[in-house]
Amino acid sequence: LLAFAKERSWPIRFFTADELNAVPGTFTASDFVRQAVGTDNVCERSAVKASGGGKLVVSKKAGQGITVAVACESYILRFLNV
């Protein structure tokens with residue numbers, strides 16, 4: 001995964017199970033994932049953490065050995081009088 005991202009100049013971040021377990025929210029839990037890596041959900045928790053605590057906008061989707069989720073960074077849009 002790291003090599004794949006590096007070849008494409010894509011940023012990539014990794015989190016420990018403890019870091020992911022500390023992410024607040026309601027996530028799709030998996031006993032298999034919990035036993036394998038020490039946290040009940042990797043993709044959704046990682047998306048929220050990488051977004052700086054943003055909103056989960058696409059919950060866990062899995063297929064062909066890949067699992068993904070999408071979170072949107074929190075932001076404030078301000079319009080100023082010009």
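**Figure 1. Second largest pocket of the predicted model.** In this predicted model, helix H3, residues 31-37, supplies the largest share of the lining of the second largest pocket, with 4 residues. The space in the second largest pocket comes to about 190 Å³. Its lining consists of Thr-28, Ser-30, Phe-32, Val-33, Ala-36, Val-37, Asp-40, Asn-41, Val-42, Cys-43, Lys-60 and Thr-67. By residue class, the lining of the second largest pocket holds 6 nonpolar, 4 polar and 2 charged residues. One of the lining residues, Asp-40, also takes part in a salt bridge with Arg-34 and in another with Arg-45.

Figure 2. Side chains of opposite charge can pair when their charged atoms come close. Asp-31 and Arg-34 are joined by a salt bridge with an N to O distance of 2.6 Å. Both residues belong to helix H3, where Asp-31 and Arg-34 are 3 residues apart, about one turn of the helix. Arg-34 also meets Asp-40 in a salt bridge, at 3.7 Å from N to O. Between Arg-45 and Asp-40 there is a further salt bridge, in which the closest N and O atoms are 2.9 Å apart. Through shared partners, these salt bridges connect Asp-31, Arg-34, Asp-40 and Arg-45 into one network. The count of salt bridges in the model is 4.

Figure 3. Arg-34, at 37% relative accessibility, counts as partly exposed. Asp-40 has a relative accessibility of 13% and therefore counts as buried, the limit being under 20%. Arg-45 is buried, as is Asp-40.

**Figure 4. Largest pocket and its lining.** The volume of the largest pocket is about 680 Å³. Its lining is made up of 22 residues, and those nearest the pocket centre are Leu-1, Ile-12, Arg-13, Phe-14 and Ser-46. At least two lining residues come from each of H1, helix H2 (17-21), helix H4 (43-50) and strand E2 (66-72). Which element gives the most to the lining of the largest pocket? That element is H4, with 4 residues. The lining of the largest pocket divides into 17 nonpolar, 4 polar and 1 charged residues.

**Figure 5. Nonpolar surface patch.** A nonpolar patch on the surface is formed by Leu-1, Leu-2, Phe-4, Trp-10 and Phe-14. Together these residues have about 610 Å² of accessible area. Leu-2 belongs to helix H1, which covers residues 2-7. Two members of the patch, Leu-1 and Phe-14, are also among the residues nearest the centre of the largest pocket.

**Figure 6. Arg-8 and Ser-9 in the loop between H1 and H2.** Arg-8 is located in the loop between H1 and H2, and Ser-9 has its place in the loop between H1 and H2 as well. The relative accessible area of Arg-8 is 36%, so Arg-8 is partly exposed. Ser-9 reaches 66% relative accessibility and so counts as exposed. Most residues other than glycine have a negative phi. Ser-9 has a positive phi, near 55 degrees.

**Figure 7. Gln-64 in the loop between E1 and E2.** Gln-64 sits in the loop that runs between strand E1 (55-63) and E2. Where does the phi of Gln-64 lie? The value is near 55 degrees, which is positive in a residue other than glycine. Gln-64 counts as exposed because its relative accessibility is 85%.

**Figure 8. Thr-26 in the loop between H2 and H3.** The loop between H2 and H3 contains Thr-26. With a relative accessible area of 78%, Thr-26 is exposed. The C-alpha atom of Thr-26 is separated by 16 Å from that of Cys-72, and these residues are 46 residues apart along the chain.

How values were computed. Residues are numbered from 1 along each chain as its sequence is written. This is a predicted model: local features need pLDDT of at least 70, side-chain atom pairs count only at pLDDT 80 or more; totals for chains, interfaces and linings use all residues. Side-chain values use heavy atoms; hydrogens and water are left out. Patches are made of residues with over 30% relative accessible area and no salt bridge: like charges are joined within 9 Å, nonpolar side chains (Val, Leu, Ile, Met, Phe, Trp, Tyr) within 5 Å. Accessible areas come from the Shrake-Rupley method with a 1.4 Å probe; for residues, only the protein chains shown count as cover. A salt bridge is a side-chain nitrogen of Lys or Arg within 4 Å of a carboxyl oxygen of Asp or Glu. On a 1 Å grid over the protein atoms alone, a cavity is a set of points where a 1.4 Å probe fits but cannot get out, and a pocket is an open set with protein on both sides within 12 Å along at least five of seven lines; lining residues have an atom within 4 Å of a point. Grid points are joined across faces, edges and corners, and a volume is the space filled by probe spheres set on the points. Ala, Val, Leu, Ile, Met, Phe, Trp, Tyr, Cys and Pro count as nonpolar, Asp, Glu, Lys and Arg as charged, and the others, Gly among them, as polar. Buried means under 20% relative accessible area, exposed over 50%, partly exposed in between (1.4 Å probe, protein chains only).
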